[in-house]
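Dear colleague,

Please find below the sequence and structure that I am passing on to you. A summary of what was found follows.

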Amino acid sequence: MKKDDCIFCKIAAGEIPSTTIYETGEFKVIFDIAPASKGHALIIPKEHYDNVFSIDAEVASKLFPLATSVAKALKAETNCDGMNLLQNNGAVAGQTVNHFHLHLIPRYEGDGVKLACEPGDADKEYLAELAEKVKKRI
Ligand code: AMP
Ligand code: ZN
């Protein structure tokens, strides 16, 4: 269902211009308007899903095959040295547009782009208990 107040729904519908790299019936791949690096792209399902917690499983199953194709094409043309695939869910995780999207961020030696998280300490007891509980829900 299209959301009237959603910028990516409007981009998906062609109501707001975007530099479109690729399009299928279900996805639009565009360049980010404020790129973290040269070639920063976004894969956007045309259907509105807020985030990973609500995306349709069948749509999601088509996302990664498309992402691998786009990643290879971007790498071939940008000559990037690496690439981050990033997907934020919820404001606390840095999501600013509440329409599911996957970032493809080409990385270049010395580009200074900061995305990495700091390593923490593993609480083995907590993780063992959590693994048992989460396993039952998958
Ligand atoms: P996130 O913080 O994961 O929600 O990422 C949202 C991304 O959408 C940011 O990188 C923005 O630069 C990008 N963005 C916002 N508006 C537009 C737009 N009109 N066209 C292309 N990218 C956009
Ligand atoms: Zn939307």
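In what follows, a residue is near a molecule if one of its heavy atoms lies within 4 Å of it. By that criterion, 16 residues surround ligand 1, and the closest are D32, N88, G94, T96 and H103. The model is a predicted one, in which local features need pLDDT of at least 70 and side-chain atom pairs count only at pLDDT 80 or more, while totals for chains, interfaces and linings use all residues. Residues are numbered from 1 along each chain as its sequence is written, chains are lettered from A and ligands numbered from 1 in the order in which they are written, and side-chain values use heavy atoms, with hydrogens and water left out.

**Overall architecture**

The protein has three helices and five strands, these being DSSP runs numbered from the N terminus (helices: H or I, at least four residues; strands: E, at least two). Read from the N terminus, the order of the elements is α-β-β-β-α-β-β-α. The C-alpha trace spans about 50 × 40 × 25 Å along its principal axes. Of the 138 residues in the protein, 32% are buried; here buried means under 20% relative accessible area, exposed over 50%, and partly exposed in between (1.4 Å probe, protein chains only).

**The ligand site**

Ligand 1 takes up the space of the largest pocket. A pocket is found on a 1 Å grid over the protein atoms alone, as an open set of points where a 1.4 Å probe fits, with protein on both sides within 12 Å along at least five of seven lines. Two elements give two or more residues to the shell around ligand 1, namely α1 (7–12) and β2 (27–31). The most comes from α1, with three residues. By type, the shell holds nine nonpolar, six polar and one charged residue (Ala, Val, Leu, Ile, Met, Phe, Trp, Tyr, Cys and Pro count as nonpolar, Asp, Glu, Lys and Arg as charged, and the others, Gly among them, as polar).

A backbone N or O atom of I33 is 3.1 Å from a nitrogen atom of ligand 1. For T96, a backbone N or O atom lies 2.7 Å from an oxygen atom of ligand 1. The side chain of H103 places an N or O atom 2.8 Å from an oxygen atom of ligand 1. Taken alone, ligand 1 exposes 510 Å², of which the protein buries 85% (Shrake-Rupley method, 1.4 Å probe).

**Individual residues**

R107 belongs to strand β5 (residues 102–107). Its side chain and that of D111 are joined by a polar contact of 2.9 Å, that is, a pair of N or O atoms within 3.5 Å, one able to donate a hydrogen and the other to accept it. The side chain of R107 also reaches the backbone oxygen of V113 at 3.0 Å.

N79 lies in the loop between α2 (57–78) and β4 (82–86). Although N79 is not a glycine, its phi is positive, at about 60°. Most residues other than glycine have a negative phi. N79 counts as exposed because its relative accessibility is 63%.

P35, in the loop between β2 and β3 (41–45), has 46% relative accessibility and therefore counts as partly exposed. P35 and I105 are 70 residues apart in sequence, yet their C-alpha atoms are 8.2 Å apart in space.

Kind regards

How values were computed: 1 Å grid on protein atoms, 1.4 Å probe; cavity = no way out; pocket = protein on both sides within 12 Å on 5 of 7 lines; lining within 4 Å. Sits in = over half its atoms within 2 Å of the grid points.
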